[in-house]
Amino acid sequence: MTMQTVGRPTRPEDVQPLDAGFTSLTGGRGLLQDEALIFERDGWGKTGVDLPPVEGSADDLGDLVRTRPIGLPGLSEPEAMRHYVRLSQKNHAIDLALYPLGSCTMKHNPRLNEKMARLAGFADLHPMAPLATIQGALTLMDRLSHWLKTLTGMPAVALSPKAGAHGELCGLLAIRAAHEAKGDPRRRVLVPTSAHGTNPATAAFVGYSVTEIAQTDDGRVDLADLAAKLGPDVAAIMVTNPNTCGLFERDIIEIARLTHEAGAYFYCDGANFNAIVGRVRPGDLGVDAMHINLHKTFSTPHGGGGPGAGPVVLSEALAPFAPAPWVVHGPDGLTLVEETVEEAAQAFGRMSAFHGQMGMFVRAYAYMRSHGADGLRQVAEDAVLNANYIKARLSGVMTPAFPEGPCMHEALFDDSWLEGTGVTTLDFAKAMIDEGFHPMTMYFPLVVHGAMLIEPTETESKQELDRFCDALIALAEAAKAGDVDRFKGAPYLAPMRRLDETLAARKPRLTWKPEPGVAPAPLAAE
Amino acid sequence: MRFTKDHEWVSLDGDVATIGITAYAAEQLGDVVFVETPDVGKTVAAGDGLAVVESVKAASDVYAPLSGEVLEANGALAEAPETVNQAPEAGGWFAKVKIADASAYEALMDRAAYDAYLETL
């Protein structure tokens, strides 16, 4: 009989076990190569594409014509492709696993949304196309506006803001315009201590000074402190509901009443709208302006710097000041109000050159229509249920910051359970990477010591939540059992080990410069 | 030396108050990576923001414990913010402020009172 194994071992025990400290000869890990910067690759003087020489432009450019090498690396198409695909393999994404960043809402981006956004009729539009040729896109914007207004119980919406913080800016500009129209410019904005950092930043950017409102021991706005700080110079309050502790502001009706009584407007940070969509209409709570992160509540892609979309809904009092453009029904179909005259005479201006992020509008609208009104309500219910499941399962080994009652869409733990173990929140988060999970949000909100904020979203199954909880429970037990090295050196198995955050912050290297003597040829020639 | 509940310290020499953050605050912040000190000549009221200290964990306002005019800022912190961790209650000072009312200084917590306050946190 002939054995066709040609010397190849066929059973695992034939393979010599390797030491745990094994390293490859080249720095690679498995099939993941060690990746140099694109500038450090041996690609100088090459080009991946043949282009004909440019003729005639020199006359137009005069003395602006470049005479020295531009100093960019040259790569062939496969080299460029592989470089960026390899980098992407070292990254983590919602398409790889649960991404439990609290307050950032990393939920699955349904592929149906992506398919719709790629339809040529939406994807290939030019923002200056004649209105008669883009009636379909305007119809989608009009219907998206209708859904956003209906879900929030608000009469007006500005679609053009490009992100949550841009939406905050839009809301506060509308508030400032409303006060100025009354001849009563005010100078202060009240913000609770647990707010997203963008809230006080936005208020300051608009020219207001910021006063903090204290928080009660159970993690809500302190009504007495709010009442004491409200006054004739307060333009607005900015409250997130549910707040960044993952708690519903139970006194929100009273907060709105006190605010309006003082002649101020109520800005609600709608970042956490995903916890109440379909269940609560912010307009019924007395909110005057609220941004909605389409990338959070309505599942458009999030992270990587955008594109985002942060439409702002406005109350009757603020609606006249909404920025252009918006869609209106005219005799010849849909059209856009672009000029700040007539019906838009009080509009405070514009938030962007054109209409906003069309691709995000399509994705968000596809998400709404594929879920329907009942489906969106279930989104909120499941998001809250999942967060409470995590809170309940982990409360045996970790300490919830607010143990009383249920949480909303995110579960918040403090670090008192780590006391005496020698392990910090940061160490624990890094060890999660070795176990295959992206860390939770840590050290935020600032009002909770060593905070760990976990947001599972509605898109995770019970099996996935259990895998996550099992990993965290095992890690927590290891920390309490004194297995400190597992944490202090973590991550051991990630493409990059623990970074020196202090050195990176104190001596940041933000640009690449050739090292003297080893510069690639085109640069050395300069 | 006197202390505030916001973890600033003050030491008084004549009518000049030197202000910094306490060792407890520096330890809680972790590695300090950036300090924004006030402009000389700026007038501050007690409780106003005086400086900003940024660590790898968070950016925090440092409040003026007393009212007065900024005479000098610790420019060395721009190049060596780590001094705030190494010597928070000495070389890591933030600003010197000429104060008008020395009695406000006496009203702040002394070391024993501050230590007792830390026990309650």
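**Exercise 1.** Find out how chain A is divided into domains and how those domains meet.

*Solution.* Start with the bounds: the domain assignment of chain A gives domain 1 as 114–367 and domain 2 as 380–499. Keep in mind that you're looking at a predicted model. Next, take the centres of the two domains over C-alpha atoms; they sit 32 Å apart. Now look at where they touch: 18 residues of domain 1 of chain A are in contact with 15 residues of domain 2 of chain A. Finally, sort the domain 1 side of that contact by class, and you get 7 nonpolar, 9 polar and 2 charged residues.

**Exercise 2.** Work out how many residues of chain A and chain B are in contact.

*Solution.* Go through the pairs of residues across the two chains: 6 residues of chain A are in contact with 6 residues of chain B. On the chain A side, the classes come out as 3 nonpolar, 1 polar and 2 charged.

**Exercise 3.** Describe the fold of chain B and decide whether chain B is as compact as a globular protein of its length.

*Solution.* Count the elements first: chain B has 5 helices and 9 strands. Along the sequence they run β-β-β-α-β-β-β-β-β-α-α-β-α-α. Then compare sizes: the radius of gyration of chain B is 13 Å, close to the 14 Å that the globule rule gives for 121 residues, so chain B is as compact as a globular protein of that length. Along its principal axes, the C-alpha trace of chain B spans about 35 × 35 × 20 Å. Last, check the inside: buried residues make up 39% of the 121 residues in chain B.

How values were computed
Residues are numbered from 1 along each chain as its sequence is written. Chains are lettered from A and ligands numbered from 1 in the order in which they are written. This is a predicted model: local features need pLDDT of at least 70, side-chain atom pairs count only at pLDDT 80 or more; totals for chains, interfaces and linings use all residues. Two residues are in contact if their C-beta atoms, placed from the backbone, lie within 7 Å. Ala, Val, Leu, Ile, Met, Phe, Trp, Tyr, Cys and Pro count as nonpolar, Asp, Glu, Lys and Arg as charged, and the others, Gly among them, as polar. Domain bounds come from an automatic or database domain assignment. Helices (H or I, at least four residues) and strands (E, at least two) are DSSP runs, numbered from the N terminus. The radius of gyration is taken over C-alpha atoms; the globule rule is 2.2 Å times the number of residues to the power 0.38. A residue is buried if 20 or more other C-beta atoms lie within 10 Å of its own, exposed if 12 or fewer, and partly exposed in between; C-beta atoms are placed from the backbone.
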